[in-house]
Amino acid sequence: MGSSTSWLAYSCKHCPLEDTEFQEWLLDQIGTRNPDVIIDLGDGHEAISASKWPHEYDWPLSYEFKTHNEYLASIRKVSKKSRKVYLRGNHDDNLLALNRINKQFRDLCDYRDHEPELNHWEQPTTYEYCREEGVFRLGQVTFGHGWETGPSADEMQSIILGVPYGLWVGGHTHRPLPVTQARRTQTVPIPYWFSNAGTGRDIHNVPYMNRKRRHLW
């Protein structure tokens with residue numbers, strides 16, 4: 001029999017809106033479980049400077065870089081031997097995307113140039129809805145930040161981006177889901193499984209969440 005690989009995945013910290021209680025819990029889980037591979041599913045930054053939506057936050061982008069770098073450093077301190085993989089989320093990608101930041105200084109906003117802790121993380125994907133370029137695989141498990149947002153988002157992505165008899169692990173929607181089997185109908189299961197890591201963002205510091213059913217987060 002071949003050896004098994006243990007992994008731990010989490011998503012959507014949205015620094016500097018990270019949930020410090022979640023961070024403490026995450027570090028405890030990493031230290032206790034000592035996984036072979038740690039996968040950060042992206043959206044490490046809130047990236048308000050690249051947002052197309054109105055906001056009331058006033059911190060500089062440099063502060064986002066600082067808080068995210070410190071977050072990654074805290075993980076490295078408790079997981080020095082783990083393989084570490086960072087997947088780009090849509091908020092991270094906004095800092096690099098066309099028409100989000102003025103092209104004359106877009107290169108100055110590349111988070112990869114301001115966060116030395118990322119040198120300890122593999123960054124194998126782009127943010128493309130693509131089963132080749134946009135996801136990371138460990139055997140039958142497919143990891144990706146996520147693109148779809150509807151109620152069947154993770155189920156659809158498990159079929160489109162995953163592999164038969166495999167598991168899809170995503171984030172993006174902030175709706176945590178346990179491992180669930182996909183179905184063609186209510187009575188016909190198909191050989192794809194999916195889950196969602198939820199979010200490590202502080203939902204109490206997000207104004208629009210006051211109008212949402214936060215128990216889903």
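# Report on a predicted protein model

In this predicted model, Asp 43 has a relative accessible area of 1%, so this residue counts as buried. Asp 43 sits in the loop that runs between β2 (37–40) and α2. Its phi angle is positive, at about 60°, although Asp 43 is not a glycine.

His 14 belongs to the loop between β1 and α1, and its phi is near 55°, a positive value in a residue other than glycine. With a relative accessibility of 1%, His 14 is counted as buried. The loop between β1 and α1 also holds Pro 16. The peptide bond that leads from Cys 15 to Pro 16 is cis, and its omega is near 10°.

## Buried residues

| Residue | Relative accessibility | State |
|---|---|---|
| Cys 12 | 0% | buried |
| His 14 | 1% | buried |
| Asp 43 | 1% | buried |
| Arg 106 | 18% | buried |
| Cys 109 | 11% | buried |
| Thr 173 | 11% | buried |

Arg 106 is placed in the loop between α3 (90–94) and β4. Why does Arg 106 count as buried? Its relative accessibility is 18%, and the limit for a buried residue is under 20%. Apart from neighbours within four places in sequence, Arg 106 is in contact with Leu 95, Leu 96, Ala 97, Leu 98, Asn 99 and Ile 101. A polar atom of the Arg 106 side chain lies 3.2 Å from the backbone oxygen of Ile 101. Gly 198 stands 92 residues from Arg 106 in sequence, and the two C-alpha atoms are 30 Å apart in space.

Thr 173 is located in the loop between β6 and β7. The side chains of Thr 173 and Asn 196 make a polar contact at 3.2 Å. Asn 196 falls within strand β8, which covers residues 188–196.

In which order do the 5 strands of the open sheet lie? The order is β4-β5-β6-β8-β7, and the pairing is mixed. Because β4 (136–138) and β7 (177–185) each have a single partner strand, they stand at the edges, and one side of each has no neighbour in the sheet. On average, neighbouring strands of this sheet are turned by 25° against each other, with direction ignored.

In general, the strands of a sheet pair through backbone hydrogen bonds, in either a parallel or an antiparallel sense. Strands β7 and β8 pair in the antiparallel sense, over 5 bridges. Within this part of the sheet, Gln 181 has Trp 193 of β8 as its bridge partner.

Helix α4 (residues 153–160) packs on the sheet and touches β6 (166–170), β7 and β8. The direction of α4 makes about 110° with that of β8. Which residues of α4 are buried? They are Ala 153, Asp 154, Glu 155, Gln 157 and Ser 158. These buried residues pack against β6, β7 and β8.

## Nonpolar cores

The largest nonpolar core has 21 residues, of which Tyr 10, Leu 26, Ile 75, Leu 95 and Trp 121 touch the most other members. Two or more residues of this core come from each of β1 (7–10), α1 (20–33) and α2 (61–78). Helix α2 gives the largest share, 5 residues.

Residues up to four places away in sequence are not counted here, and the contacts of Tyr 10 are Phe 22, Leu 26, Ile 38, Ile 39, Asp 40, Leu 41, Leu 72, Ile 75, Trp 121 and Ala 197. A second, separate core has 11 residues, including Val 37, Leu 87, Leu 138 and Leu 167.

## Cysteines

A disulfide is a covalent bond between the sulfur atoms of two cysteines. How many disulfides does the model contain? The count is 0, by a rule that requires two cysteine sulfur atoms to lie within 2.5 Å. Cys 12 takes part in no disulfide, and the nearest cysteine sulfur, that of Cys 15, is 11 Å away. For Cys 109, the closest cysteine sulfur is also in Cys 15, but the distance of 17 Å is too far for a bond. Both Cys 12, at 0%, and Cys 109, at 11%, are buried.

Methods:
Residues are numbered from 1 along each chain as its sequence is written. This is a predicted model: local features need pLDDT of at least 70, side-chain atom pairs count only at pLDDT 80 or more; totals for chains, interfaces and linings use all residues. Side-chain values use heavy atoms; hydrogens and water are left out. Two strands pair if DSSP finds at least two bridges between them. Helices (H or I, at least four residues) and strands (E, at least two) are DSSP runs, numbered from the N terminus. Axes are lines fitted to C-alpha atoms, for helices over the stretch in contact, and angles run from 0 to 180 degrees between N-to-C directions. Contact means heavy atoms within 4.5 Å. Buried means under 20% relative accessible area, exposed over 50%, partly exposed in between (1.4 Å probe, protein chains only). A polar contact is a pair of N or O atoms within 3.5 Å; within protein, one must be able to donate a hydrogen and the other to accept it, and residues adjacent in sequence count only if both atoms are side-chain atoms. A nonpolar core is a set of buried Ala, Val, Leu, Ile, Met, Phe, Trp, Tyr and Cys residues joined through side-chain atoms within 4.5 Å.
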